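Please consult the sequence and the structure while reading.

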Amino acid sequence: MTAWVRVVALCSLLVMSGTLAAWPQDTQTWDRYLDRPRGPYQGQVVDAETKAPLAGAVVVALWRRNRVYPFHSVSENYAVRETVTDTEGRFLLDAKDVEEGAPRRTYHPEFLIFQPGYGSYPRKYVSPKGFTGGIFERPGTIVELPRLGDREERRKHLWLFGPHSYSDKPFRDLPELMRRINTERVAIGLEPYSPE
Amino acid sequence: MRQHVWLAILWIASLVSPSVATSYEVPTHEEITRIAGKRSTLDEVLRVRLGVSNGLDTIIRGQGLTEWLAQGGRREDDFLRFLNHFHNPLADWSAAGLLGSVGQSSILWGQNATLSGWSWQDVRNAYFDALTRPTRTDRETSLARAFEGLGRQVHLVQDAASPAHTRNDPHALHNYESLVEQVQRQDQSAFTSWLAGSPDSPGVPDPAWQALDSDPLAPVATARLIDTDRYLGGNPAVTTGALIGLAEYTNANFFSEDRIFTENDIDPLRRFPYPNRASVTEQDFDVVARGATVKRRYFVKSSDGATGYRLATVGLLRDYHQRFNLDWTRFRESPALDEAVYRDYAERLVPRAVAYSAALLDYFFRGLVIASGDDLSFEFVNGSDEAMDGTFTLYYDDPSDVRRPVPGAAWTRVLAPSGAVEDLSLSAPTSPPAKEPGKYMLVFRGAMGSEPDAVVGRQVFIEPMLVARLIKRSDGTPHRGAAVQAIDVQTGEVLASGLTDQDGRARLAWKPGRTVLFIPSVNLFPMYWAGASSFSSSIEGGRIVQAADLDAQREVTIPVPLILASWPERIEACTEVQLFSHVPRGTFQRGVLLGDDRVDLVIVTYTSNLITFIRDDNGQERDLCGVTSPACVDPRAAFVAEDANRVGQVVGHLMRDMASTHFRQITDAGGTPIGPHICATEYAEVEVIPVTVAEE
């Protein structure tokens with residue numbers, strides 16, 4: 001087989017697989033992309049030990065999109081939103097504007113829940129365990145965060161996520177998150193972030 | 001031609017497929033990199049070896065160092081760079097990249113200082129700049145760049161834990177990496193357990209990888225984290241050991257989407273000997289599909305290297321093939337890789353991606369130099385396991401945080417492990433002086449082990465020392481056993497204390513530009529050296545020791561006078577001894593043989609009701625003794641250091657309320673008086689006597 005025949009054959013195969021199969025292994029459970037607006041997102045955040053609601057925890061939703069370039073596709077941040085839990089530890093994050101205008105291949109949002117002194121979701125939390133896709137699309141989800149121990153545990157916990165993973169301008173886009181991260185940093189004797 | 005063909009394929013494919021030739025998804029790389037950073041020694045290295053007090057929590061240009069590391073893990077997949085993230089461990093490294101020649105082997109890419117922009121050597125250069133650049137801003141920016149570069153380096157290692165990247169597979173469409181990313185996103189507890197690895201099989205590489213022979217194409221040993229050249233295509237068992245490259249382990253034990261049972265493929269770019277059909281057995285497993293539990297048959301890896309996991313699904317036509325004994329070469333069974341297979345893969349590959357990444361980070365900072373001593377005599381030791389052949393240079397920060405090389409403090413040496421450079425000396429920088437005297441950054445640059453241009457940094461403390469030599473001002477002989485201290489004028493802290501030796505010398509740590517010398521007890525009063533042979537009673541009046549005060553041996557010679565107090569005493573006419581005595585209660589007795597057994601006996605009793613010393617300069621009065629005192633204090637106790645500069649001058653007066661009895665009698669040898677006493681006189685008097693400073 002000549003090289004060009006192989007090119008044509010492979011391209012044909014790819015076209016077929018890309019147009020007809022359309023992610024044949026993506027089940028409803030594991031679908032990656034938003035097929036329609038899924039928000040608002042809601043839940044409750046509690047202390048894992050006392051089950052007391054955690055008021056003032058920040059909830060960040062990050063939408064990434066898979067952008068295709070010649071030769072390449074990369075995952076890029078598309079939009080980010082944040083909200084804060086109320087006195088009952090509940091949050092409601094309306095994302096209609098984000099999701100209605102979302103481009104193709106926008107992923108379901110990723111969430112970060114953070115309260116100073118506590119482990120964060122999804123890096124260090126207690127429950128819910130197991131599959132968590134879409135858990136904030138329906139009511140009744142309770143996220144239990146564990147209180148962290150000594151300074152060392154708290155500072156190493158902060159290594160597991162960073163505000164710049166969510167936004168290039170976190171002070172502009174995520175002021176509540178930055179406030180809480182800085183509260184945590186100061187509490188354990190670290191220099192706070194400051195706007196660039 | 002061949003390269004162009006494949007580039008064309010990839011370009012067309014990229015237009016129709018959402019994912020072509022990506023590695024682990026960006027968020028996955030980021031999280032693996034963060035965990036590797038946490039598991040590595042980076043934080044300790046920063047805090048303990050480099051003196052970066054906040055370690056990984058240090059913020060540079062708005063981002064923490066963990067974020068710079070993670071950013072590198074993220075950005076290495078930027079446009080077209082990903083084409084160089086493949087390595088086929090069974091190919092010659094020069095042709096081990098994607099499809100042989102579309103991209104460069106990830107090993108070569110990681111050390112390609114010409115094209116990569118983030119090669120190992122680029123990262124080394126950034127680290128060197130982080131240690132040596134003059135301005136603090138430049139140093140911090142370079143450190144951030146070094147960390148981003150390390151993130152990019154570990155990205156390449158992580159890709160070696162992706163089967164497609166080791167099996168020449170551009171792997172379009174849904175694949176292992178996208179499944180891992182989905183689990184990371186939606187089943188964090190499973191992903192966390194992958195990151196942690198199994199205690200029984202943590203996937204940590206045998207440290208011996210660092211000592212394997214280097215390949216001239218990529219001489220830095222990190223190449224061996226990816227490919228040790230120990231798996232040669234016919235010995236898959238070797239891949240289960242800890243001394244194996246990650247690409248070798250992945251290649252020999254896992255499939256990628258388009259490289260399943262390709263041991264007999266006619267295309268050498270697709271042909272991989274293991275795993276093969278002899279490496280597997282078949283077994284049914286329960287799997288959940290759309291909410292229902294069903295049986296699915298899998299090929300389970302049962303030999304030829306790693307075993308005990310699902311390698312691929314058995315194709316639907318497998319039974320058909322067996323029943324009719326079809327010719328394998330004319331029949332495509334189509335085994336596939338499903339979620340369960342991918343999860344089994346990830347359980348083994350993700351922890352290795354973490355462990356090998358952490359190993360690379362630790363390797364970058366493996367160099368260790370230990371310094372001890374002071375600047376009069378210090379040494380540094382190669383604390384590494386590898387020889388160091390290069391230049392060791394000391395840097396210091398001036399008060400404006402400008403980092404400068406210490407003049408004359410660069411040594412080019414070859415040091416075997418544990419080898420030392422001894423008996424070095426150093427002149428503490430003075431122009432400008434150090435912001436923190438004694439604190440230096442020792443930077444090595446040169447060959448270390450197989451790495452031709454390594455960089456090692458270590459914050460060291462080499463205390464500046466001086467020798468204070470105390471001699472007697474009167475005759476130049478040494479003051480032996482005299483206490484002397486170096487005191488920080490800014491804080492009052494005693495930097496060092498010592499006693500002079502037989503030659504009058506004491507070695508003292510000091511801080512150039514902020515140290516005065518204190519001599520507490522040569523005289524009865526404390527003295528701060530004020531330059532030459534003058535002294536001050538206050539630290540403010542002390543001389544801050546200057547480099548010019550020290551000779552070539554870093555010695556400052558201080559002529560210290562032994563100060564006495566002198567005042568006139570009257571002689572009593574009859575007894576011819578002192579009328580009064582500077583003791584609170586005392587008796588003087590003298591017998592002079594006169595011949596013919598007679599003795600001229602004198603007995604004097606002294607009483608000091610009160611003696612005070614009044615300084616002339618400030619009128620301060622101090623009681624030296626009284627009727628209840630067992631002894632009188634020497635007037636020098638009321639002297640001050642400045643009095644050492646006033647030898648011959650009257651500095652005060654004694655006010656004495658004294659009494660005495662003078663008795664003189666001729667006696668026989670037995671003490672019996674002969675005749676009347678010559679005199680028996682009582683005196684009681686208050687007198688004022690000038691006191692002059694004298695020198696012994």
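The report treats domains, cores, a helix and a sheet in turn.

This is a predicted model, in which local features need pLDDT of at least 70, side-chain atom pairs count only at pLDDT 80 or more, and totals for chains, interfaces and linings use all residues. Residues are numbered from 1 along each chain as its sequence is written, while chains are lettered from A and ligands numbered from 1 in the order in which they are written.

| Domain of chain B | Residues |
|---|---|
| Domain 1 | 2-363 |
| Domain 2 | 369-461 |
| Domain 3 | 465-561 |
| Domain 4 | 565-695 |

The largest nonpolar core has 114 residues. Such a core is a set of buried Ala, Val, Leu, Ile, Met, Phe, Trp, Tyr and Cys residues joined through C-beta atoms within 7 Å. A residue is buried if 20 or more other C-beta atoms lie within 10 Å of its own, exposed if 12 or fewer, and partly exposed in between; C-beta atoms are placed from the backbone. Helix α14 (residues 339-364) of chain B gives the largest share of this core, 16 residues. Helices (H or I, at least four residues) and strands (E, at least two) are DSSP runs, numbered from the N terminus. Because domain 1 and domain 2 of chain B both give residues to this core, the core lies between them. Among the residues with the most contacts inside the core are V157(B), L246(B) and Y440(B).

L246(B) also belongs to the buried residues of α12(B). In this helix (residues 246-253), 8 of the 8 residues are buried, so α12 of chain B is largely enclosed by the rest of the structure. The buried residues of α12(B) pack against elements of chain B including α7 (136-159), β4 (292-301) and α14; contact here requires C-beta atoms, placed from the backbone, within 7 Å.

An open sheet of chain B has 5 strands in the order β15-β14-β17-β18-β19, with antiparallel pairing. Two strands pair if DSSP finds at least two bridges between them. The edge strands β15 (494-499) and β19 (535-536) of chain B each pair on one side only. Strand β14 (residues 483-488) of chain B is joined to β15(B) by 5 bridges, and Q485(B) stands opposite S497(B).

Finally, 13 residues of domain 3 of chain B are in contact with 11 residues of domain 4 of chain B. On the domain 3 side, β18 (527-529) and β19 of chain B are the elements that give two or more residues.

How values were computed. Domains from an automatic or database assignment. Contact = placed C-beta atoms within 7 Å.
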